[in-house]
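These are my notebook entries on a structure that I looked up. I record each item in the order in which I examined it.

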Amino acid sequence: MSELLVGMVITPLISAFLLSLTAVSHRVPHTVMMRIRNTFSVLALTALVIQLLLLAPRVLSGEVVTYTLGGWTPFMGIALRLDALSFMVAAVSVVVSFLGMVYSFSYMEHIRGLGKYDAFYFLMVAGIMGVLLTRDIFNMYVFFEILSISVYILITTGEKKENYRASLKYLILGSVSSAFFLFAVGITYAITGSLNMDHIAQVMPAIMEEDPFPVYIIFSLILGSMGVKSGLVPLHFWLPDAHSMAPSPVSALLSGIVLKISIYGLLRLSFLFGDSFLASDSVLMIVGVVTVVVGSVLALVQKDLKRMLAYSSISQVGLIMTGLGIGTDLAVQGALFHVVNHALMKSGLFLCAGVIIHQSRSREISRISGVSPGMALCFVILSLGIVGVPPLNGFSSKLVILYGAVEAHYTSVAGVIVLASVLSCGYYFRVVQSVLTPRKWKRTYNPPVPWTMSFPVYFLTAVCVFLGVFPLLGLSVAELAILVGGG
Amino acid sequence: MVILGIVAVLVAGAVMAGIVKGRKRRYLSLVCAVLSLAGVLTYADTGTVPEVYRIALWMNPVELSLRVDTLSVAFSLVVSLLFTLAFLYSGYMDIGRFYSLLLLDLAVVLLAIFSESVLFFYAFLEMSTIITYFLIIHRGTPPSLNAGFKYVLMNVGGAVLILLAIVVKGPPHAPILFVTGCLVKMGSIPFHVWVADAHPQAPTPVSAVLSGAMVKLGVYAVIRFAPVFSLDNSALVPFALLSMMGGVILALVQKDIKKILAYHTVSQVGIILLGIGLESELGYTGAILHMINHGVFKGLLFLSVGCVIFATGERNVQELGGLLSQMPLVGTACLVGCLSISGVFPFNGFVSKTLLFHAVPSGWMKGVLFLTCAGTVASFTKLFRHTFLGDVKRSSQPVPGFMKIPLVVLSGLCLGLGVFQGLGGYNVWTGSAVIECLLMIGTGLAIYGVAWKMKILFRIPEIELTVDKFYSQAGRSVRKIGIALDVLCARDINYYVAFMVVTILSFLFWTTL
Amino acid sequence: MSLHLVNGITIGIVLFLIGVFGCMTQRNLIKIVLCLDIMFLGLILFFVGLGYTEGGTAPILGGYSVYVDPLPQTLMLTTVVVELSVTSLALALAIRVYEQYKTLDIEEVRT
């Protein structure tokens, strides 16, 4: 059963390899090739879903599934592990990447013709799964690099100069942050003599007592590098460019999943330093609050729809970080639930934005018009979810974070979160206004929206409403994740 | 579980109204609204003992509890009546999502009224805020979009303050937050900006509902949930007095008829708030009664004024005139509304105003209330005179019958509630009350006369713009900060890497500290 | 084990810091990419230095009492591969940027 863990990393990796082979062959007609690629991608992602579903009952009953590669003892070899925390993020990632792939069938049709898009898409999924499953910090670094490199390439698929610029900016900043991460890994190895997370967590208290300074260095480096990858405020500069320049399905994955993977990484690595290391210094909470405010204010002044969504992501990541930084069980539970919720909502919004831009042929918020009613409804529901209007899922997680903040006597933090939702109301309703306006100009040709593009948006909207009406579905998994994941 | 049945019917109706086409939509929604009214009426015999229903929700940490008592039933009756009449009235605007949204709004507002816990009240309040936003921007013109934007920002702001109060749950912060949130929702004076914008821009049935139901939800929240936050009601008095006087003065100088009515909503809400702030039983009774009465006569006024706007296409009072001969029924209905809001006997406004007048203890507060009432008389003299009397300035098209039925119903209610208001043995029909009333009318007419002579009736004063300016300035400065930050963020990669290093060093510094 | 100041660890850290400093000061995209390389070079040296033992030999066959820790070296093989791909991608992107902007100066590439 635990061999499935290897399968979950290997499946997308092999798919990426096989799909890259399809770019070489020229004998097969283009349409046939496309059909082969589509079928193959769907099959690979279905396999991933099935693997997750097979493991779901065991994980959700609170069990931790571990597999050690090559039969080495866990402290020596690389271990893969799926617990409730990684399962939660992995489930969302697989669902969103499935929907993103379906969306790209028609959205990215001419670019996918080259075959490289599919290959790097699956490489990205492999990176995501690897980061989620691995228990070895160097291995985590490698998977982060796999993930990042494929993302750099996916951003360039638009093949405009802004794409190259955004990608290069992301590459340089991302590599510097990876270097910091690697440096942290090196110091960890130097002081603990191990790369396995369990082992490090075991020896860490003794080292902390003896001389905490190296541990502080490690923590700062990890917080810094994960902060860059997840877009915390003084480190967020690459994010708006990359997220708005990438093609919409890739933006959806970047904002929805890749940011959450970095948050997961930070959370997972913070367990190395003991249970409540994140909370003991309020540094993460303060950075989170700053991120919430600055992200919201910046989102307010954006003219470009996708850029606005990217800044909104920054602000929501700040909210999650605030929840993690508060550190009480309730706040962390809310933050984890918000990880899931924001992943679903924001990827839905980016996919929806793709359709909206397609229909109104403009990325500028003030010039959006003529959106079909179904898409407009989805956009309204999803953005209300981010604003935190009941009964949508964003409300429940925000409420839990608020309760957590007040419980920990951070009333002013709760005030800032509430203020941020008013600001988010400000920037989302500007778009909602334009989305509702009928088409401003006459056009004989109305671009059709194929079902592959509309279905993912409808599906994500439905999931968001469902999770909002029945919040315990998500909250109980988040609770389990705290119980099992801590350690 | 009649309430759940009502909600189910309304939601089903909303979905159906989105599907069916043409006229059927209107009949369907009308039937749903009438059904909901009938459903609420089954609770009409509720005694003084409140009934509480608890419903466990699947996969929810909290259970929904509904509380049926005299207050909630009375308020929900007014609300569902207003919505039903709004459906009847809105036959002239036949656009798809309007009916669905209005039905959903009714369902949500009813749930908010009946919900026992503050959290669920907040949830339904917020939902109704959002739904109402889409109703306000229904026309889609730039002014209505702006009004809607202001409405949604301020009301979501108010609602989240209530949410924060719920989460904080205890003095010293929670009562302040709760009251501020409610004051925003009810459009009391420092937060009245959205009222003056949203009411005129919304379609007429929506304005009626907005004034009769949505604004009252804020007042209702204070009445209902003040004990939860151990609220000191007397803190409301300054806001009440400010809204009363300010609303009347601002109404007195407006040109737009709907804006006059909107500012009167502000002032009447102030009167209700004063009744609550007095903390006496008489004051409470008067406030609740006035809340219900105001729903009725303000609905009547909005709907009749809507008929005028429908017939002439003109909202400026100065451009109107002599309409009484052309539409006698609308004119009479409007007159009933004017008399009722001015507190003239034997209409319902008289009863509740007299009650409140008797409840006010001190001399100067009584004076303010008296002046407010007199100002109301003056302002409605202006409205009625310039719209229905004098020379005919505009040609008008006939008003269809379905728009007149609501006027008749509401006029009847104004009279009926005035004559047969059950007051639990308290008698308002005394000689002194009638004399007070006559005195008030006299003062009101005198104010009107003086203002007319001094030609200040149609001059929009600076003060209105100043408060508005404050909010727009706040918005603009947030925007300026944003732009400055945006410029600050646009740098070279060198700076970004430097930022990264500095941030990591400061993390290090912080943790070692 | 003697404490030389000049060993893999210190030189690695110094190289790493030089690379970071370069990223903070260089105006040319190619130079920034080179500085990235220097950073990773420093890291590789740092890791190898971690595993180094004075007088140790490669642990290929058994029978040695003093041997070098092989784990960092194997890890660095992976890092070299990763770094290679990052550099090649960065250079490819730099070429594309140059094609589009006709310059490699980051100040002009900004907008």
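**Entry 1: a residue in chain A**

I noted that A:Asn341 touches A:Asn393, A:Gly394, A:Ser397 and A:Leu467, leaving aside residues up to four places away in sequence; contact means heavy atoms within 4.5 Å. A:Asn341 lies in helix α15 (residues 329-360) of chain A; helices (H or I, at least four residues) are DSSP runs, numbered from the N terminus. I found A:Asn341 to be buried, its relative accessible area being 0%; buried means under 20% relative accessible area, with a 1.4 Å probe and protein chains only.

**Entry 2: basis and confidence**

I record that this is a predicted model, in which local features need pLDDT of at least 70, side-chain atom pairs count only at pLDDT 80 or more, and totals for chains, interfaces and linings use all residues. Residues are numbered from 1 along each chain as its sequence is written, chains are lettered from A and ligands numbered from 1 in the order in which they are written, and side-chain values use heavy atoms, with hydrogens and water left out.

Chain B averages a pLDDT of 86, and 96% of its residues score at least 70; pLDDT is the predictor's confidence in each residue, from 0 to 100.

**Entry 3: A:Lys229**

I located A:Lys229 in helix α9 (residues 213-230) of chain A. Is A:Lys229 buried or exposed? A:Lys229 is buried, with a relative accessible area of 6%. Its contacts include A:Phe144, A:Glu145, A:Trp238 and A:Leu259. The side chain of A:Lys229 also makes a polar contact with the side chain of A:Ser178, at 3.1 Å; a polar contact is a pair of N or O atoms within 3.5 Å, where within protein one must be able to donate a hydrogen and the other to accept it, and residues adjacent in sequence count only if both atoms are side-chain atoms.

**Entry 4: where chains A and B meet**

I noted that 47 residues from chain B and 60 residues from chain A take part in the contact. Across this interface, the rule finds 0 salt bridges; a salt bridge is a side-chain nitrogen of Lys or Arg within 4 Å of a carboxyl oxygen of Asp or Glu. The rule finds 4 residue pairs in polar contact across the interface of chain B and chain A, both residues at pLDDT 80 or more. On the side of chain B that touches chain A, the largest share, 13 residues, comes from α20(B).

Definitions and conventions:
Helix = DSSP H or I, 4+ residues; strand = E, 2+ residues; numbered from the N terminus. Buried < 20%, exposed > 50% of the residue type's maximum accessible area, 1.4 Å probe, protein only.
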